[in-house]
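Colleague: Could you walk me through this one? I would like to start with the surface and then look at the rings.

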Amino acid sequence: MNPWEVPTAKVGAGALIMHDGQVLLVQINYSERRGRWILPGGKVEHGETIDQALLREVREETSLDVALGGMVLVRHRLLPNNLCDIYFVFLAHLRNPKEVKLAWPQEEIIEARFWNPQDILNSPEVPPTTRFAVRKALSAQAKFYSERPDLPDFPESDFIFAGRD
């Protein structure tokens, strides 16, 4: 193998959205993981930045409009055939917390609802990465934040993940 060869990566992201002390999860309706409760989010599509993908996915899966906050974690998973799966979790907040009306595509999502964080941490229906992200978010503020710098020469295709000042 060429030492400069980079494995092909699937990139996705999840939004940890808290409202009135509860965390939003969606119950997936596809794959061998059908019935599991995960953070709303999904794959980054060709031509999208990670923030664009996450905002789109949250809107598609829940009908909510959110703003992204700090990064909670990054999970890197090795897959067969020299592939990897990279998954980012960001804190997010509702742009209009007074009007929370959940709606979802039934072919993809069975249900979406807000959970008590303790119930998430104790549920076998919630995957370990989701439980870990909730635990990290509850234990401390995210140590990283994401932003698109307000600089005239900053490339539109770039996105910054940085430590807090």
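Modeller: Accessible areas here come from the Shrake-Rupley method with a 1.4 Å probe. On that basis the accessible surface of the protein comes to about 9900 Å², and 52% of this belongs to carbon and sulfur atoms. Please keep in mind that this is a predicted model.

Colleague: And how much of the protein is buried?

Modeller: Of the 165 residues in the protein, buried residues make up 42%.

Colleague: Switching topic, how many helices and strands are there?

Modeller: The protein has 3 helices and 9 strands, and along the sequence they follow the pattern β-β-β-β-α-β-β-β-α-α-β-β.

Colleague: Okay, rings now: how many aromatic pairs does the count come to?

Modeller: The count comes to 2 aromatic pairs. One of them joins W37 and W115, which are edge-to-face, with 5.2 Å from centre to centre and 70° between the planes. This pair links distant parts of the chain, as W37 lies in strand 3 and W115 in strand 7, 78 residues apart.

Colleague: Is W37 buried or exposed?

Modeller: W37 counts as buried because its relative accessibility is 3%, under the 20% cut-off, and W115 is buried too, at 6%.

Colleague: Why is the pair of F88 and F90 called stacked?

Modeller: Their planes are at 15°, so the pair is stacked, with the ring centres 6.3 Å apart; the cut-off for stacked is under 30 degrees.

Colleague: Back to W37, what sits over its ring?

Modeller: The charged end of R113 does, 4.7 Å from the ring centre, and R113 also lies over the face of W115, at 4.3 Å from that ring centre.

Notes
Residues numbered from 1 in each chain as written. Predicted model: local features only at pLDDT ≥ 70, side-chain atom pairs only at ≥ 80, totals over all residues. Heavy atoms only, no water. Helix = DSSP H or I, 4+ residues; strand = E, 2+ residues; numbered from the N terminus. Buried < 20%, exposed > 50% of the residue type's maximum accessible area, 1.4 Å probe, protein only. Phe/Tyr/Trp six-rings, centres within 6.5 Å; stacked < 30°, edge-to-face > 60°. Lys NZ or Arg CZ within 6 Å of the ring centre and 35° of its normal.
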